[in-house]
Amino acid sequence: MKNELIKPKGLVTNTNRRNFLKFGTMSVAGAGLLLMGCNDDEDMMPPMMNEGVNLGSGDIGILNYAYALEQLEAAFYANVIAGGYFANASAEEKTIMGDLEKHERAHRDFLAALGSAAIADLEVDFSSIDFSSRTSVLGAAKTFEDLGVAAYNGAGQFIENVDYLLIAGKIVSVEARHAAAIRDLINPGSDDFAGDDLIDSNGLERTLGFTEVLTAASTYVKTPIDFSQLPS
């Protein structure tokens, strides 16, 4: 009875799942001019590496950290759309996955506006994911979306530029919508969209540090990432 009373209706109906997601790209686009408009006084060029990428330091390093994660997610959903699971998915799931792919691609392209300060494209490895299997795809999507939310939550405390912090807040709110939608697809009508593995007794979502996030992501990212200059 308790779960029925607190269950948000928008997570359990086909039509409203789409409405729940559709404003994601718009919320980030609304901050679009901030990224390029606030960098005049910063050293935008990250250090070069002979192999792999160096995220750099300060706010630019953190934005590159976010860019690395968005590259990973965008590449994942591009593979989902091209895979056997998507071809045979229900109309609802095709719509949701299509929306998620558009959002993550928009996040990646938005952060690419770092220009010469942006890290190079990362090489990814999704060989552990069976893109013909619903279970495998949704399980991986849950991993990526949960990781992304925890990463932004953990990094936010170190962002100094308030405009960059605004951008991060807009992106993480979209990632949280994604995570909730994926969890509801896996276990419809349950409270897993905000499960105890994510939300603590104070109603706050978990955070993860740079090392935890990039260690988890290294399963899928082959390019070495040097994040030694990020704050701690």
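Predicted model: local features only at pLDDT ≥ 70, side-chain atom pairs only at ≥ 80, totals over all residues.

A: A cavity is a set of points on a 1 Å grid over the protein atoms alone, where a 1.4 Å probe fits but cannot get out; lining residues have an atom within 4 Å of a point. Residues are numbered from 1 along each chain as its sequence is written, and side-chain values use heavy atoms, leaving out hydrogens and water.

Q: What lines the largest cavity?
A: 13 residues. Ile62, Ala66, Tyr152, Ile159 and Ala168 lie nearest its centre. Helix 5, helix 8 and helix 9 each give two or more residues to that lining. Helices here are DSSP runs (H or I, at least four residues), as are strands (E, at least two), numbered from the N terminus.

Q: Which helix gives the most to it?
A: Helix 5, with five residues.

Q: And how does that lining divide by residue type?
A: 13 nonpolar, no polar and no charged. Ala, Val, Leu, Ile, Met, Phe, Trp, Tyr, Cys and Pro count as nonpolar, Asp, Glu, Lys and Arg as charged, and the others, Gly among them, as polar.

Q: Which residues line the second largest cavity?
A: Leu69, Leu72, Glu73, Phe144, Leu147 and Gly148. They divide into four nonpolar, one polar and one charged.

Q: Switching to the core. Which residues touch the most other members of the largest nonpolar core?
A: Tyr65, Phe76 and Phe126, out of 59 residues. Such a core is a set of buried Ala, Val, Leu, Ile, Met, Phe, Trp, Tyr and Cys residues joined through side-chain atoms within 4.5 Å. Buried means under 20% relative accessible area (1.4 Å probe, protein chains only). The largest share of this core, 13 residues, comes from helix 5.

Q: What does Phe76 touch?
A: Phe126, Ile129, Phe131, Val137, Ala140, Ala141 and Phe144, leaving aside residues up to four places away in sequence. Contact means heavy atoms within 4.5 Å.

Q: Last one: which residues of helix 10 are buried?
A: Phe210, Val213, Leu214 and Ala217. Seen down the axis of helix 10, they fall within an arc of 90°, so they line one face. The arc is that of the directions from the helix axis to the C-beta atoms. These buried residues pack against helix 5, helix 8 and strand 2 (225–226).

Key
Buried < 20%, exposed > 50% of the residue type's maximum accessible area, 1.4 Å probe, protein only. 1 Å grid on protein atoms, 1.4 Å probe; cavity = no way out; pocket = protein on both sides within 12 Å on 5 of 7 lines; lining within 4 Å.
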